[in-house]
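Hello,

Here is the structure you were going to look at. My notes on the strands, the rings and the core follow below it.

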Amino acid sequence: MNKSKLYVGGGMMLFVLLFCLFWVKIPSIEVCYQNQSFLLKSNDFQLGWIHSVEKEPWFETYELKGGELYLKSTKFKTFGAGVPTENRIIKSNDGFIHMVVDRKMSEVTVTVSENVKTTLYTHEKIIPLYQLMDDYETITIRIVKISLWRWIWGESID
């Protein structure tokens, strides 16, 4: 193989690599707060807090599916005011009521408080959101399309 073909082939491979790294966009979960943000590398996460009235834990499971954010399920200890009743209940033996939701969300906005210990759970990490910011600040969780470069080397927390 002569050198010119080697250079052309190498140049084409470099172009394809750069194209994939900078122009190919992939959906990712972004958590925004106080003019900062970080990415979650996993395709699902759980939000947890202590219910302000019942003082019992509550969890919601979210998933990135088909480039969209879905509230997949919720689990809580007791039914109370405002708890939806139209969703299917899943049997469990862990002391929680598990409910299938499967609702598409454009984004999730949560007010964070140390009183209720607002926490984000991934497969790799537990992120106590109430320690990242002041009481009653809000976070927004949304899907963003980012370059492969940012996904690989961008700011992530899990």
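Tryptophan 49 has tryptophan 58 in β4 as its bridge partner. Strands here are DSSP runs of E with at least two residues, numbered from the N terminus, and two strands count as paired if DSSP finds at least two bridges between them. Strand β3 (residues 44-50) and β4 run antiparallel and are joined by 7 bridges. Another position in this pairing is glutamine 46, which stands opposite threonine 61 in β4. The two strands form a hairpin with 6 residues between them, and lysine 55 in that turn has a positive phi of about 60°.

Before going further: this is a predicted model, in which local features need pLDDT of at least 70 and side-chain atom pairs count only at pLDDT 80 or more, while totals for chains, interfaces and linings use all residues. Residues are numbered from 1 along each chain as its sequence is written, and side-chain values use heavy atoms, with hydrogens and water left out.

Tryptophan 58 also has a bridge partner in β5, phenylalanine 76. Strand β4 (residues 57-65) pairs with strand β5 (residues 68-76) in the antiparallel sense over 8 bridges. This hairpin has 2 residues between its strands, and glycine 66 in the turn has a positive phi of about 60°. On to the next strand: β5 is joined by 7 bridges to strand β7 (residues 97-105), again antiparallel, and phenylalanine 76 stands opposite isoleucine 97 there.

These strands belong to an open sheet of 7 strands in the order β6-β7-β5-β4-β3-β9-β10, with antiparallel pairing. Its edge strands are β6 (89-90) and β10 (126-128), each pairing on one side only.

There is also an open sheet of 4 strands, ordered β2-β1-β11-β8 and antiparallel in its pairing. β2 (36-40) and β8 (107-111) are at its edges with a single partner strand each, so one side of each has no neighbour in the sheet. Neighbouring strands of this sheet are turned by 35° against each other on average, direction ignored (axes are lines fitted to C-alpha atoms, and angles run from 0 to 180 degrees between N-to-C directions). β8 pairs with strand β11 (residues 138-147) in the antiparallel sense over 5 bridges, and threonine 111 stands opposite threonine 138 in β11.

Now the rings. The structure holds 6 aromatic pairs (ring centres of Phe, Tyr and Trp, the last by its six-membered ring, within 6.5 Å; planes under 30 degrees apart are stacked, over 60 edge-to-face, the rest tilted). Tyrosine 33 and phenylalanine 38 have ring centres 6.0 Å apart and planes at 65°, so this pair is edge-to-face. Tryptophan 58 and phenylalanine 76 have ring centres 4.6 Å apart and planes at 25°, so they are stacked. Both tryptophan 58 and phenylalanine 76 are buried (under 20% relative accessible area, with a 1.4 Å probe and protein chains only). Trp49, Trp58 and Phe76 form one aromatic cluster.

Lysine 75 is the bridge partner in β5 of phenylalanine 59. The charged end of lysine 75 sits over the ring of phenylalanine 59, 5.2 Å from its centre, and over the ring of phenylalanine 96, 5.0 Å from its centre (NZ of Lys or CZ of Arg within 6 Å of the ring centre and within 35 degrees of the ring normal).

Last, the core. The largest nonpolar core has 24 residues, of which Phe45, Leu47, Leu120, Ile139 and Ile141 touch the most other members (a core is a set of buried Ala, Val, Leu, Ile, Met, Phe, Trp, Tyr and Cys residues joined through side-chain atoms within 4.5 Å).

Regards

Notes:
Buried means under 20% relative accessible area, exposed over 50%, partly exposed in between (1.4 Å probe, protein chains only).
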